[in-house]
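Open the model in your viewer and keep the selection panel at hand.

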Amino acid sequence: MAGFVGFHRLFVANRGEVAARIARTCDRLGVTPVFGVSEADADAPYVEGRESVVLGPARAAFSYLDPVRVVQAAKQARCTAVHPGWGFLAENPRFAALCEQHGLTFVGPPAHVMHLMGKKTPAKDAMRAAGLTLIPGSVGVLADAEEARRVADEVGYPVLLKAESGGGGRGMRVARSADEVASAYQDASAEARAAFGDPRLYLEKLIEGGRHVEIQLLADRYGKAIHLGERDCTVQRNHQKLIEESPSPVLDPEERARTLEAAVRATEAIGYVGAGTMEFLMDEDGTLRFMEMNTRLQVEHCVSEERSGIDLVEEQLRVAAGQPLRIRQEDVTLRGHAIECRINAEDPSDGFRPTPGALEAWEVPAMDGIRVDTHVRQGYVVPPHYDSLICKVIAYGDDRDQACDRMIAALEGLKVEGISTTAPMHVAILKSDAFRKSDYDTRAIPGWPA
Amino acid sequence: MAHVPLTPIGRPRTDVLDERAWREHQEKLAPLEEKLRARRAEVESGWGDKYVERVHAKGKLTTRERLARLADPGTDLFEVGTFVNYGDTFGDKPLTSPAAGVVTAFARVEGRWCMVIANDNTVASGSWWPRTPEKIERAQMMALRLKLPTVYLVDCSGLFLPEQSRSFPGAKGAGHIFKMNSLLSASGVPQIAGVFGDCIAGGGYMPIISDRVYMTEQAYMVIAGAALIKGAKSQKLTSLGIGGPEVHVHQSGCADVRVPDDETAIDAIRREVARLPSSAADYYRGGAGAIEPAHPPRELAGILPVDHRESYDAMEVLARLTDQSLFWECMPHIGEEIVCGVGKVGGLYAGFVINRQGLVGDPEHPDEHRPAAILYRGGIAKVAAFSRACNDDGIPLIWLQDISGFDIGTEAERQGLLAYGSSLIYTNSTNDVPMFTVLLRKASGAGYYAMSGLPYDPVVQLSTSISRLSVMEGRTLAIATYNSKLDDDFEIVTQDEDERREIAEGMRAVEKRIEADMDPYVAARQMDTDEIVELGALRDWLEVFVEASYQSTGHRRIKNPRIWSLHDLRELHEGIR
């Protein structure tokens, strides 16, 4: 069968834009996607004419986030594989294991690799061993405040004390000088114990500002990995990425080559399978320092697709079905410049307040070099229960300026009525001098008032 | 791919217990586990620093230093029999014998689990005390059952002679060690010995059946030392001269390799182990890896109430022992008083049997509830079928006991619990899959036997600091003893004040004695349990046991899950889907 990748029926354990994105590749390959949907999404336009199974009520904890319901639904729908998309259960190793135990192929890495990458210091240890540069700090967890002080003196202030089992900024404290270490250690440790039941901390030098650069990786089950270049995601608001582009406008070619190679080696070393992303912080010297690995498809994967011409979802499915990578590194050609803007149902001039509601009008202009990934159409009601991403616009050009200009034209041609979106902010950013000259870091949005 | 339908179990600790109960449980347990740690440290220190210095003065390592060098860096030793002879004294002096003068431990060497048997040279130069031979034989039996390479670190001046009548003769007398050496050898279990010092008489035989025998320059092996040879003094004969490496490596061929010192010997033994086949555990993991439980195993210290009358949720215990807290409960609708099922430990499948606590449904009387923590007909049949299936399928079995016994009374007899019990006993007795038993709390009566207590030959039986091992609770036993003096409600019949006082005192005395006997250190002292462990460390121990069960290939049937008879049981029980 033309395009057959090994699965006849694929369960899509996600919603909205990513669900529609996965289905698009399925359609092309002759795979039947079955959507697991919450009651809130049961009548969404992207589900029309599709097979779907209702997982449960709108609240994600009882639908998209319940591993047992998802597995039952997938089995019931006679699917043989599950694509978790991003968010929800995508990085839940227990869910990955559950799928495998029940005879569903999980489209992603093996549970134990996902688990390893989800743990702070073991992941760093693995990456250090594979030759990646890390943010200077403690090797493993700290024994006590005394050791924290010693390591802090070594790496230089300010430093960040972070919970080993942490997340979401809890169990985290900054020490700006030696006399702040002891109390920062106590506070972070106590908070970590209360929040995660684990008081252990590790320490990193605090790099303020810096740029966020990440590498797209793809690996098969046979120990072979390739990269699809880097993405620069420095335009952020509270760690939420707004604009992603490739290549990074500020990355030194030698540093790029060195890190890409090390990242591929590291991916192979940990036995990674599928699509994954390593995130780095670029410090003021231009060095890329490993932060974490996202063991899933990313929202901004389209940027790499546009530059490489590779459909990442298709490659994910092929790898999951046991096929060896069919692309060699030397066959990957990264061309031109791609930029993605995330259009969220938020009002950027009102503190990014979510704006759920009906799209009274929705029109996206068709233009050269513009790709639009979305699950919405006119009349769609943005539900209040989930994240606010409604659309991604990806602009491609021979160079950064062309890509930016195309993006501006597309966004200015975008017609939305009924809700506010982040589109006007994107236009302002793209037109700003700071953005055009690449003069910004993660602390502030270029061209947009704080 | 084989489907083993594990599902998530367990709740966060904060949902299981409120803050007050959690703190209370922990506070009650803490002193008991503190005592355990203190006593372990006491045993580990042997006869103390003076004897350590004496060993060092000879240019030798202490036994514990040898063990530390033998095991892979950064790994823990899992010692069994720590408290054998604890509190006993011997001879006229009287003398203590910490750990019965021999350390027996599961140790990871070059990535393989080994059983290490090491005479403690800081306790009477590694003499054999009463129970020392039994302790060594028990460790050899564990090695035999798991087919684990066995390492002997020999440094033994022979029997502690004043007490020879308690260690020389008998079915488990010292000579049985060499029979075990032979059985291990006959079963193809690799044995490697290092001889580090005195090896007199029996001490000389312990290494000699091993596949490879290393001798240091300070080692000698003799049937009888110079002390027993007539004229030895005038001829200036020494034991080292009679049976040192010069003699045994180069002339007699009783040993294989001569090495200068302890360090070299240990390193050489590590290289021997490295030549053995690597562990099959990773093969059986099938490319998957070990992942810790989703709910922290350390929380077991606090989830389990110290008071044996208080109940808890058995699933919460399993959730803190199984990988990712994923578990497949088999036949959940039958015999609710006990949970049977499969989970992974360190990436490897294991069968679990654990008693439920509190009240459960009663199939005979659907509107009523009955106490769990005992076995009824349905539960016994379920456990027997599950145990048999695990044996067929080659799945190591873990028995988690907190049980007061079998159901009793007219209904129980009419239902034939004796017969149900006998089927379970037959099953467990004839299983050859490795079984491991943990006495979480209560281990009473027929329940202790039915759930593979030590008399049913589990490879290892662990106790906790709150284990209560006895035929019945003290109060029940006092009632049984004074049965003829009691009425229907177990009240004293006689109205005579003196007689009443006497009976009451007698019952109290019985109760007190049973209470004292239930102390886990008593069981450990007399080898009625293999080790006492901290609740929070239970998962670590199970990881060792399960991995050790999967280590060796070629002798046990660890089947592909597609052909597990457990799946047939599921279909039969739940209907074909």
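Two strands count as paired if DSSP finds at least two bridges between them. Helices (H or I, at least four residues) and strands (E, at least two) are DSSP runs, numbered from the N terminus. This is a predicted model: local features need pLDDT of at least 70, side-chain atom pairs count only at pLDDT 80 or more, and totals for chains, interfaces and linings use all residues. Residues are numbered from 1 along each chain as its sequence is written, with chains lettered from A and ligands numbered from 1 in the order in which they are written.

**Stop 1: the sheet of chain A**

Select Phe35(A) and Ser52(A). Ser52(A), in strand 3 of chain A, is the bridge partner of Phe35(A). Now widen the selection to strand 2 (residues 32-38) of chain A and strand 3 of chain A. They pair in the parallel sense over five bridges. Zoom out to the open sheet of five strands in chain A. Its order is 3-2-1-4-5, with parallel pairing. Which strands stand at the edges? Strand 3 (51-56) and strand 5 (105-106) of chain A do; each has a single partner strand, so one side of each lacks a neighbour in the sheet.

**Stop 2: where chain A touches chain B**

Residues are in contact if their C-beta atoms, placed from the backbone, lie within 7 Å. Chain A supplies 15 residues to the contact and chain B supplies 16. On the chain A side, color helix 2 (67-76), helix 3 (93-101) and helix 4 (111-118); these elements give two or more residues each. Helix 3 of chain A gives the most, with six residues. By class, the chain A side has seven nonpolar, six polar and two charged residues. Here Ala, Val, Leu, Ile, Met, Phe, Trp, Tyr, Cys and Pro count as nonpolar, Asp, Glu, Lys and Arg as charged, and the others, Gly among them, as polar.

**Stop 3: chain B as a whole**

**Stop 4: a helix pair in chain B**

Select helix 18 (residues 474-481) and helix 19 (residues 497-517) of chain B. They pack at an angle of about 140 degrees, with their axes 8 Å apart. Axes are lines fitted to C-alpha atoms, for helices over the stretch in contact, and angles run from 0 to 180 degrees between N-to-C directions. Show the contact residues, including Leu477(B) and Ala478(B) of helix 18 and Met507(B) and Ile514(B) of helix 19. The contact residues divide into five nonpolar, two polar and three charged.

Technical notes: Two residues are in contact if their C-beta atoms, placed from the backbone, lie within 7 Å.
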